[in-house]
Amino acid sequence: MSDLHSNTVAFVAGSQIPPSPPPAKDRGAVKWLRENMFSSVANGILTVIAALVIITAVPAILQWAFIDAVWSAGSLSECREIAAANGVEGAFACWAVINERFNQFLFGFYPNELLWRPVLAFVLMFVAMAPVLFRSLPKPMLWFSAAYPFLAYFLIWGGLGLEPVESSKIGGFLLALIIGVTGIVASLPFGVLLALGRKSDLFFIKTICVVFIEFIRGVPLITLLFVASSVLNYFFPPGTALDLILRVVIMATLFSSAYMAEVIRGGLAALPQGQYEAADSLGLDYWKSMRLIILPQALKISIPGIVNTFIGLFKDTTLVSVIGLLDPVGMITPIRADSNWNGLVWEFYVFVALFFFAFCFCMSRYSMYLEKKLKTDNH
């Protein structure tokens, strides 16, 4: 018995064996490459092709945009002289035009001595957006958010002691932000009301919402901009005329609201019927059930579509150049008309594209942050 007992004890581990590291193919960079770049034969081929394109194109782009670029000059001919003096033989970027006309790209023809006003309005815009985007901030800040549109209008257009500025002098990225941000902020509540109206049991309200949504979605935005430019004034009493920028903002808001309504309607349709029944069982009336139970869930589901609509509207602000407004794209024409810079093309569009990319990328990142924060399921 003692021999049997001693043999049994000999096989008992005196300490826990540390876990072995996973195989190299299941961890680190190798695992990431296998899962994302070479998960199949087709993906592997596409990865190799993309890598070849990047290896071929990126050095040439960097050479054009940075290495051979000219950053300071008074004209295109001076850019060419500087490039030749530096031994540049091929194409190069003349970013000097952006440096010289930077204020025009930002503010259009806004008076230089008054530029502090749109700059202050831009800074205060982030202060006004903060309590809306981040719920952890103090709720009293929402009062400033509600008052900001009036404050921004006062700062940009003037009045009440500030020197007035005509709308014809407002352009560049300032104009794009005015149209885009106003349309985004106003289209969300209108889109919610239209979505609720389309699902209403009241025939008259439902018909109006359906006709409006289908009509707006069936008409290109550029057509609505032409209506805002030339036709909308006929609907107002004689002697009254709305500012062109205001007319464009109205049309952009209506256009975005129709698409927003369909996005939110999809979120409402995705909710199980039990949610509506649960709201009824609590004795809530229609508006309380929508505000407390239905809409919060529907809007959470609809976040990707809502942000996608916002991004689309912000990019569509470039269409206002066809009706004579000098947005960033519209500003290119008067700058190129200057004999000093006539002949440049790519620099303008690259600069404008980077501006829109920065804003749209930030919106998409915030959308992902909001989705992750509001995620309540365990999957």
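## Cysteines

The sulfur of C362 sits 9.3 Å from the closest cysteine sulfur, in C360, which is too far for a bond; a disulfide here means a pair of cysteine sulfur atoms within 2.5 Å. C362 is exposed, at 52% relative accessibility (exposed is over 50% relative accessible area, buried under 20%, partly exposed in between, with a 1.4 Å probe and protein chains only).

This is a predicted model, where local features need pLDDT of at least 70, side-chain atom pairs count only at pLDDT 80 or more, and totals for chains, interfaces and linings use all residues. Residues are numbered from 1 along each chain as its sequence is written, and side-chain values use heavy atoms, with hydrogens and water left out.

## The disulfide

The structure holds one disulfide. C79 and C94 make it, with their sulfur atoms 2.0 Å apart. The torsion about the S-S bond is about 55°, so the disulfide is right-handed. C79 is buried at 0% relative accessible area, and C94 is buried at 0% too.

## The nonpolar core

Of its 93 residues, F105, Y110, I170 and L268 touch the most other members. Domain 1 (32-86) and domain 2 (102-110 + 165-374) both give residues to this core, so it lies between them; the domain bounds come from an automatic or database assignment.

## Around L242

L242 is partly exposed, with a relative accessible area of 22%. Leaving out residues up to four places away in sequence, L242 touches N233, F236, R247 and I250, contact being heavy atoms within 4.5 Å.

Technical notes
Core = buried A, V, L, I, M, F, W, Y, C linked by side-chain atoms within 4.5 Å.
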